[in-house]
Amino acid sequence: MLPLSLLRAAANSPMLVELKSGDTYNGRLVNCDAWMNLNLRDVICTSKDGDRFWKMPECYIRGSSVKYLRLPEEAIDQVPEDDEENIRVIEEEEIIMTEEEAEEEEVVAQEEEDVEEEEGVVEAVVEMVVEAVVEAVVEEVVVLVVGEIIVKVRSKQMRGEHGHHSNSNVPFIHSSKY
């Protein structure tokens, strides 16, 4: 049973409405709409603390301000078994929700693709940076090693430890600079 079906079937029935503010309204239900906005007649309003009362010929209560409703049990017996209009409304709401869910899923899928693409770009950039750093380090190591070898060779030449030998791959450099 749907709440709107119950309220529509309860037309002209007495009911109590408590608002979120704590005020209560006792009256006869004239009608309600799809947002559960209520029209009551012959209403007695009671303040939250219960010390003030107002009698009104009619009142309008916004559905979003209702905390709860109390209806007589006989109102349940008046609800039709298969309310075609409510079934149609529910089906339409399900279709709308399905369309909204499909749109949301498309947005999420696109966001996931964008993230994967960004991750791929980041991985490629990181790989390029690592390769450049490794290449620079290798070049620096080679330069340092070659420089160290040259220094050792020149140092030995200066001390005269190695003369110019025919089987030596390093030529003897005769210069005053070294």
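Let's start at Asp51, which is exposed, with a relative accessible area of 53% (exposed means over 50%, buried under 20%, and partly exposed in between, using a 1.4 Å probe and protein chains only). Before going on, please keep in mind that this is a predicted model, where local features need pLDDT of at least 70, side-chain atom pairs count only at pLDDT 80 or more, and totals for chains, interfaces and linings use all residues. Residues are numbered from 1 along each chain as its sequence is written, and side-chain values use heavy atoms, leaving out hydrogens and water.

Asp51 forms a salt bridge with Arg52 at 3.7 Å, N to O; the term stands for a side-chain nitrogen of Lys or Arg within 4 Å of a carboxyl oxygen of Asp or Glu. Arg52 itself is partly exposed at 46%. The whole structure holds 3 salt bridges. Another joins Arg41 and Asp42 at 3.2 Å, with Arg41 partly exposed at 31% and Asp42 partly exposed at 49%.

Glu18 and Lys67 also pair, at 3.7 Å from N to O. Glu18 is buried at 15%, whereas Lys67 is exposed at 55%.

What about the cysteines? The model has 0 disulfides, a disulfide being a pair of cysteine sulfur atoms within 2.5 Å. The sulfur of Cys59 is 7.6 Å from its closest cysteine sulfur, that of Cys45, so the two are too far apart for a bond. Cys45 is buried at 4%, and Cys59 is buried at 12%.
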